[in-house]
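Morning, everyone. I have one model to show you today, and I'll keep it brisk.

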Amino acid sequence: MRNQLQQNREPLRIWLAFRLALLALPVFIGFLLPFSDKTPLPYGYTPNPNVLLDHLIRGWMRWDGGYYVDIAHYGYIFPVRSDDSAIAFFPLFPHLLRTFAVIFEFGNTHNEALYVAGIAVSTLASLACFVGLYRLALLDYDPETSRLSVAYLAAFPFAFFLLAVYTESLFIGLVIWAFWSARKDRWWWAGLWMGLAVLTKNQGILLVAALGLEYIYQRNFRRIDLKIFSFGLPLLAFGGWLLINFLNFGDPFRYIKVQESFARAFRSPLETLYLATQQFFTNRSPNSLLPTGYDTGSILYDYPVTFLFMGLLVAAGWLTWRQRLRLSYLFYFALCLLQPLTQPAHDTWLAGMPRFLLISFPAFLLLAMLGRRWVFCHYLYLGLSLPLLGLFLARFVLNYWVA
């Protein structure tokens, strides 16, 4: 136990600094800047008379967070709305919110209890994420590179989503621990984490595919054994999700149709990048560098972040060829990049990309290798990322669109 604590000391320090630094910032932001009312807030949301508490807690519950709270409170069929848009969101996270609210609020599942439960779930999941990434990196790299991978994840401009009432921290934690379990040849544990990831986000299928490659890679692409049945756990989880769709709406694939109604339809990645490039360079307001519309304004950072990760993917391919990065990591990274490019938002082609790419943990391993080798890269990354982290967090807690 003592050795485990010593091994986890570095990620624990980074996580504690991350959590404390972002704890009070929404309070100051809320007092200094105006609030936006453009988002789908949970039903029954009213300003809390305690302004300090309102900024401290509710600032972390924006945009999709409203849906997760509503699902935790009402289930997938809301008595106060006629559409079925909630089924686009997977069930594990809102059910954890409800469970935490029941446990810590003695059965109370009103919105305030769910807000606190959401922050608690994301905070604990982010801790598991940081510790898991450090331990996974230690399997291949030195302690300093492992530490930097966690630090760079914490400093990423959109890392605040790991603490928000969103699924990102839970999903990344499950992904990392699934890879760690697979690397340790503990495939039944990996199957469990895969199953839970499938119930967390639609990108869970990407994890299953990547670990499928890891499984056959460990066996030299020649043989299989009984541990192959661990992949039955994510299949069972997916079957449960289809059952939830059927029981609520009579259609096991209803979630796919609803996601399409969110203006996301299939396109080739090259077409998406072409349309995004056109939007980035031509869609400008008169006498301004800013694109028109509050939502399309995100192209100013969606576009460069996407191409940064594309560059990292090329570097990942080279490092895999040099046997310095696992083939399954490269495959998972590529899938994480390609999946949102094949389902872009209509008219805002790269909307949400920075948040979708946050789950690409190999990117932070690559950044750590760069920062470990060249001090200039280390200070450049932190010098750019940390101010942007504060800026995007400010926009998020004030209800403006970020990602």
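First, what I mean by a pocket: on a 1 Å grid over the protein atoms alone, it is an open set of points where a 1.4 Å probe fits, with protein on both sides within 12 Å along at least five of seven lines, and lining residues have an atom within 4 Å of a point. This is a predicted model, where local features need pLDDT of at least 70 and side-chain atom pairs count only at pLDDT 80 or more, while totals for chains, interfaces and linings use all residues. Residues are numbered from 1 along each chain as its sequence is written, and side-chain values use heavy atoms, leaving out hydrogens and water.

Now the second largest pocket. Its lining has 22 residues. Nearest its centre lie Pro-157, Leu-308, Leu-384, Ser-385 and Leu-388. The volume is about 460 Å³, meaning the space filled by probe spheres set on the points, with points joined across faces, edges and corners.

Which helix gives the most to this lining? H19, with nine residues. Helices here are DSSP runs (H or I, at least four residues), numbered from the N terminus. H15 (299–321), H18 (361–373) and H19 (375–397) each supply at least two lining residues. By class, the lining has 19 nonpolar, three polar and no charged residues. Nonpolar covers Ala, Val, Leu, Ile, Met, Phe, Trp, Tyr, Cys and Pro; charged is Asp, Glu, Lys and Arg; the others, Gly among them, are polar.

On to H18 again, with a packing partner. H8 (residues 143–155) packs on H18 at about 120 degrees, axes 8 Å apart. Axes are lines fitted to C-alpha atoms over the stretch in contact, and angles run from 0 to 180 degrees between N-to-C directions. So H8 is oblique to H18. Under 35 degrees counts as roughly parallel, over 145 as roughly antiparallel, 65 to 115 as roughly perpendicular, and the rest as oblique. In contact (heavy atoms within 4.5 Å), H8 residues including Leu-148 and Tyr-152 meet H18 residues including Phe-364 and Arg-372. That contact divides into eight nonpolar, three polar and two charged residues.

Two more pairs. The axes of H7 (residues 111–138) and H9 (residues 168–183) come within 8 Å and cross at roughly 30 degrees. That makes H7 roughly parallel to H9. H10 (residues 187–198) and H11 (residues 204–218) also have axes within 8 Å, crossing at roughly 160 degrees. So H10 is roughly antiparallel to H11.
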